[in-house]
Amino acid sequence: MCGKIRAYFEFPDNDKIPVLLRALRKREACDPTDLQVLLADGRSVDAKVYIYEGVNPLGSTISTAKKAEMILKARGTSGSALDYVRRNFEGLHDVGLEDPAVTELWQAVQALRG
């Protein structure tokens with residue numbers, strides 16, 4: 001994950017936190033990193049951030065169009081990259097959030113698909 005954090009999710013202190021963190025760990029396929037983040041209102045809070053550091057990181061040097069091409073071809077153990085990007089885009093939309101980078105990528109994928 002690079003750049004500004006556009007949204008954050010806060011969980012109430014209760015017994016569901018370990019269950020939620022296990023689900024996130026499984027979904028993200030990497031361990032969380034503890035970071036201190038600055039919120040829009042100026043508060044600083046501790047956060048668990050999932051940062052992929054595997055063999056195929058996609059940085060800002062690869063264009064959105066190239067990433068979209070790669071997405072249409074890629075498939076992993078949990079399904080297609082297309083499904084992954086679609087679920088992320090729709091999941092954010094369903095809870096009223098927009099991440100401009102996710103939206104731009106989804107639109108590029110949709111444009112390639114025709």
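1. Once its neighbours within four places in sequence are set aside, Thr 103 is in contact with Phe 89 and Glu 98. The model is predicted, and the points below should be read with that in mind.

2. As for the overall layout, the protein chain holds four helices and four strands. Read from the N terminus on, their order is α-β-β-α-β-β-α-α. Buried residues account for 17% of the 114 residues in the protein chain. The chain exposes about 9,000 Å², of which carbon and sulfur atoms supply 54%. Of the contacts between residues at least 6 apart in sequence, 40% join residues at least 24 apart.

3. Which residues of H3 are buried? They are Ala 81, Leu 82 and Val 85. These residues lie on the same side of H3, because the arc they cover around the axis is only 110 degrees. Their cover includes helix H2 (64-73), strand S3 (75-76), strand S4 (79-80) and H4.

4. The geometry of H3 can be stated briefly. The helix has 14 residues and reaches 20 Å from its first C-alpha to its last, close to the 20 Å expected at 1.5 Å a residue. Just after H3, Gly 96 takes a positive phi of about 80 degrees.

5. The largest nonpolar core has nine residues. Its members are Ala 68, Ile 71, Ala 81, Leu 82, Val 85, Leu 105, Trp 106, Ala 108 and Val 109. H2, H3 and H4 are the elements that give two or more residues to this core. With four residues, H4 gives the most. In soluble globular proteins, nonpolar side chains tend to be buried together.

6. Leaving aside neighbours within four places in sequence, Ala 68 is in contact with Leu 105, Ala 108, Val 109 and Leu 112.

7. A pair of aromatic rings is described by the distance of the centres and the angle of the planes. How many aromatic pairs are there in this model? The count comes to one. Phe 89 and Trp 106 form this pair, with 6.0 Å centre to centre and 20 degrees between the planes. The pair counts as stacked because planes under 30 degrees apart fall in that class. It links distant parts of the chain: Phe 89 is in helix H3 (residues 81-94) and Trp 106 in helix H4 (residues 100-113), 17 residues apart.

8. A last point concerns Glu 90, which lies in helix H3. At 34% relative accessibility, Glu 90 counts as partly exposed. Glu 90 and Trp 106 are 16 residues apart along the chain, and their C-alpha atoms are separated by 9.7 Å.

Methods. Residues are numbered from 1 along each chain as its sequence is written. This is a predicted model: local features need pLDDT of at least 70, side-chain atom pairs count only at pLDDT 80 or more; totals for chains, interfaces and linings use all residues. Side-chain values use heavy atoms; hydrogens and water are left out. Rings of Phe, Tyr and Trp (its six-membered ring) pair if their centres lie within 6.5 Å; planes under 30 degrees apart count as stacked, over 60 as edge-to-face and the rest as tilted. Buried means under 20% relative accessible area, exposed over 50%, partly exposed in between (1.4 Å probe, protein chains only). Contact means heavy atoms within 4.5 Å. Accessible areas come from the Shrake-Rupley method with a 1.4 Å probe; for residues, only the protein chains shown count as cover. The expected span of a helix is 1.5 Å times one less than its number of residues. The arc is that of the directions from the helix axis to the C-beta atoms. A nonpolar core is a set of buried Ala, Val, Leu, Ile, Met, Phe, Trp, Tyr and Cys residues joined through side-chain atoms within 4.5 Å.
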